[in-house]
2 protein chains.
Amino acid sequence: MAASIHISLNHKSYLREPESTELGRKIISESIKMIDALGFEQFTFKKLAAEIGSTEASIYRYFENKHKLLVYLVSWYWAWVDYTVTFQTHNLPDPRQRLDRALEELVNAGQEDDPSVAYIDERILYRIVMAESSKVYLTKEVDAENKEGFFLEIKKFCRHLAQLVLAVNPDYPYPHALVSTVMEAAHQQLYFASHLPSLTEIKYSQRPVEETIQFLKHLVYSAIDNSK
Amino acid sequence: MAASIHISLNHKSYLREPESTELGRKIISESIKMIDALGFEQFTFKKLAAEIGSTEASIYRYFENKHKLLVYLVSWYWAWVDYTVTFQTHNLPDPRQRLDRALEELVNAGQEDDPSVAYIDERILYRIVMAESSKVYLTKEVDAENKEGFFLEIKKFCRHLAQLVLAVNPDYPYPHALVSTVMEAAHQQLYFASHLPSLTEIKYSQRPVEETIQFLKHLVYSAIDNSK
DNA sequence: TAATAATAATAGTAATACTATCAAAAATAT
DNA sequence: ATATTTTTGATAGTATTACTATTATTATTA
């Protein structure tokens, strides 16, 4: 991964840009650890402030509330995955190779050791995305937040994958539906493997990432090769 | 639908059985309306108590907290869908016909007018399941609650559908993963059609239920007919 | 009709999700 | 190098949430 990449978001889930200050970066890096450890419901700005040796009021200057912080983290994640998929598929000649690689990255992104941004631990962020990301849009404010652009990153990545699907078969009628289903399923199946194993054949103890990639590739190619 | 059916759950998400008393039934029927109207986060026992002319303390005698009430509602929904699928597929001779009907019911259950239980509005409950149901297992307490049996109904329905899949093709290697993916996708795609339309081809204004059924049938049959 | 159980009324607590104010410290502009 | 502006810290305060406890009242059942 590049020595220095910068992910910037197309919306204002934040009040003050957290990347630009020491406190802002501490808010991001520590909130990732804390949301993972406590779960989003138990996570509070007060606890976060105590952990980073700051105050609630200071954190509120960066994020209006913890929901918007979660929107920021999840958006950052999808922008980052989109970047890595672009990077990884860049020189591949065959549409199937590109889609293969993209699906691998979707399931794998954040499982690697090497961090691309110093203050963000992508492995922990990945766990947050698995367990908490659907909470960003499953709210009564979804339409208002959609208008504010809070879901642009996830939509962009969905469009990106849909284009890879259409490059394999332009006649497949549900590229976005397929891809949004697969994006959710990737994390869901790994979550189920860990916590609700009877909902999936993926075994937590047996290379769950590789097995999930197999399952999703089979699903995707079966669907798109079975059209027109 | 039968004039009088009774869904009973295999666990104690409740403290006192809500179906057995007038207050209990009012808690259920009004909480369904209120969670739909306010969203789960804004819903409180205090507001519910005010609405049904009772008190917070009285509601707490039925449910330990609002999360367990949601677990109850979602479990009830899956038990009820399982029942309707059993009923609807009962006399169909062909495995494909049975799976077809099951997928139709999965997407459709709760869209019909006729209610099967007087104090439960399945159409509203369906919207709650779409928007809130993943919150029942996306918590830090998932493992403890799983041990208590809180997810038995969803697991049972998943097993039920997986059996229908295997009846069509016993060699398909991921029946539970496919079915849990499809169960989530059914509600997700309809939610996306309403709120994040660029994530799906399903159009809210153009028979979204029928279109979702088409999409899921194509997905499922492509996958299971493409094995062995 | 007495005993028991369920509900209502009321009060109270700790924690959450903020907002406001002001002083101290840090960054920046001149 | 100093003045100005911005950022942070310290402190306090409020409304709401998520409960628990107590006692009186009303239904239910024995």
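## T200(A) and its surroundings

Setting aside neighbours within four places in sequence, T200(A) is in contact with Q189(A), F192(A), A193(A), H176(B) and A177(B), where contact means heavy atoms within 4.5 Å. T200(A) sits in the loop of chain A between α9 (175–195) and α10 (208–224); helices here are DSSP runs of H or I with at least four residues, strands are runs of E with at least two, and both are numbered from the N terminus. With a relative accessible area of 3%, T200(A) is buried. Buried stands for under 20% relative accessible area, exposed for over 50%, and partly exposed for what lies in between, using a 1.4 Å probe and protein chains only.

What does the side chain of T200(A) make a polar contact with? Its partner is the side chain of Q189(A), at 2.5 Å. A polar atom of the T200(A) side chain also lies 3.1 Å from the backbone nitrogen of I202(A). A polar contact is a pair of N or O atoms within 3.5 Å; within protein, one atom must be able to donate a hydrogen and the other to accept it, and residues adjacent in sequence count only if both atoms are side-chain atoms.

## How to read this model

This is a predicted model, in which local features need pLDDT of at least 70 and side-chain atom pairs count only at pLDDT 80 or more, while totals for chains, interfaces and linings use all residues. Residues are numbered from 1 along each chain as its sequence is written, chains are lettered from A and ligands numbered from 1 in the order in which they are written, and side-chain values use heavy atoms, leaving out hydrogens and water.

## Two copies, one axis

Two copies of a chain are related by a rotation about an axis and a shift along it. Here, chain B is superposed on chain A by a rotation of 180° with 0.0 Å of shift along the axis, giving an RMSD of 0.0 Å. The two copies are therefore related as by a two-fold rotation axis. S222(B) has the C-alpha of chain B that is nearest the axis, 2.6 Å from it. Both copies use the same surface, as 100% of the contact residues of chain B recur in chain A. The superposition is by least squares on the C-alpha atoms of residues with pLDDT of at least 70 in both copies.

## Helix α6 of chain A

Helix α6 of chain A (residues 122–132) is mostly covered, with 9 of its 11 residues buried. Among the buried ones are I124(A), L125(A), Y126(A) and V129(A). The buried residues of α6(A) pack against α1 (22–38), α4 (66–89), α5 (95–108) and α9 of chain A.

## G39(B), a buried loop residue

G39(B) belongs to the loop between α1 (22–38) and α2 (45–52) of chain B. Is G39(B) buried or exposed? G39(B) is buried, at a relative accessible area of 3%. Beyond neighbours within four places in sequence, G39(B) is in contact with K140(A), M34(B) and E132(B).

## DNA strand D

DNA strand D is surrounded by 17 residues, and the closest are S54(A), R61(A), Y62(A), E56(B) and N65(B); a residue is near a strand or molecule if one of its heavy atoms lies within 4 Å of it. Helix α3 (residues 56–60) of chain B gives the most to this surface, with 3 residues. The surface near DNA strand D has 4 nonpolar, 7 polar and 6 charged residues. In this grouping Ala, Val, Leu, Ile, Met, Phe, Trp, Tyr, Cys and Pro are nonpolar, Asp, Glu, Lys and Arg are charged, and the others, Gly among them, are polar.

Phosphate oxygens of DNA strand D lie 2.4 Å from a side-chain N or O atom of S54(A), 3.3 Å from a polar side-chain atom of R16(A) and 3.3 Å from one of S58(A).

## DNA strand C

DNA strand C also has 17 residues around it, the closest being E56(A), Y60(A), N65(A), S54(B) and Y62(B). Sugar and phosphate make up 59% of its atoms within 4 Å of the protein. Helix α3 (residues 56–60) of chain A gives the most to the surface near DNA strand C, with 3 residues.

For E56(A), a side-chain N or O atom is 3.1 Å from a base nitrogen of DNA strand C.
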